[in-house]
Amino acid sequence: IFDVAGYFDSYETGNDGDVSAYGVDAAAELFRALSLTGFFKSVSVDGDVVDEVGDAERDDNEYETGWGVGIKHNGSADNALVPNLNLEFEYGMLGADFDETHILAAADYELAISILTLTPYVSFESFNDAEDGSDDTTEIKAGTGIATEPLSIFLQPSLIGAVNYRTNAHADVEDGGDDYTASELQYSVGLVLNEFLFENSTLTAKYGSYTGTNMTLETN
């Protein structure tokens, strides 16, 4: 019923000096796929504990300092309390001085109603640093996917769709900038031909839309 994972990494860079990072993640199942989780991690440069390693990263390991506790429910487990329902709640203190509060709450679910399958999700996440000019953020995400079962007729058509919304409020913005809120909205609808031309071939046609406010995007 216990899972524990740990790591230790030490290396030297020409510009940033000696980097040392270590940490541990632990989880204990309480009952019916509901687990208590916790972590502690620390990273230092030349012997001084820092918030994160910044430009001294290697192998895509973004080491940082902090601790946290939480509760998770695994909806895909055979003994799940509520099948297909994933839940995650976490509280942590991050940074070299443990002065940045992190709160996370998230849920997603797969629900079948007659010929429809819905996959709704919602999450809340905030970072609040005691230091001035820290760019504190509060983010909310919500959305769902929808799909119908293929009809037992010629070409076996089915419908698909999705809608996703995200808002991220920035306060105490660094470098004296104004507080602002970024938002995104995306949706799409489509038709799938599940038996197109020959067996195991499909054809999908979709229409999608995206709008954003206070976002920096690269166009392709």
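By class, 2 nonpolar, 3 polar and 6 charged residues make up the lining of the largest pocket, where Ala, Val, Leu, Ile, Met, Phe, Trp, Tyr, Cys and Pro count as nonpolar, Asp, Glu, Lys and Arg as charged, and the others, Gly among them, as polar. The model is a predicted one, in which local features need pLDDT of at least 70, side-chain atom pairs count only at pLDDT 80 or more, and totals for chains, interfaces and linings use all residues. Residues are numbered from 1 along each chain as its sequence is written, and side-chain values use heavy atoms, with hydrogens and water left out.

The largest pocket holds about 240 Å³ of space, and its lining includes D51, E52, L94, G95 and E100. A pocket here is an open set of points on a 1 Å grid over the protein atoms alone, with protein on both sides within 12 Å along at least five of seven lines, and its lining residues have an atom within 4 Å of a point; grid points are joined across faces, edges and corners, and the volume is the space filled by probe spheres set on the points.

G95 also belongs to the hairpin of β6 and β7, which has 5 residues between the strands, and there G95 takes a positive phi near 95°. Strands are DSSP runs (E, at least two residues), numbered from the N terminus, and two of them pair if DSSP finds at least two bridges between them. β6 and strand β7 (residues 100–109) pair in the antiparallel sense over 10 bridges, with F89 having A105 in β7 as its bridge partner. Strand β6 (residues 85–94) is also joined by 8 bridges to strand β5 (residues 66–73), again antiparallel, and G68 stands opposite G92 in β6.

The second largest pocket, with about 160 Å³ of space, has at least two lining residues from each of β2 (17–31), β3 (34–45) and β6.

β2 and β3 also each supply at least two residues of the largest nonpolar core, whose 7 residues are Y11, V19, A21, V43, V45, V53 and Y63. Such a core is a set of buried Ala, Val, Leu, Ile, Met, Phe, Trp, Tyr and Cys residues joined through side-chain atoms within 4.5 Å, buried meaning under 20% relative accessible area (1.4 Å probe, protein chains only). Leaving aside its neighbours within four places in sequence, Y63 is in contact (heavy atoms within 4.5 Å) with residues including Y11, A21, V43 and V53.

Definitions and conventions:
Helix = DSSP H or I, 4+ residues; strand = E, 2+ residues; numbered from the N terminus. 1 Å grid on protein atoms, 1.4 Å probe; cavity = no way out; pocket = protein on both sides within 12 Å on 5 of 7 lines; lining within 4 Å. Buried < 20%, exposed > 50% of the residue type's maximum accessible area, 1.4 Å probe, protein only.
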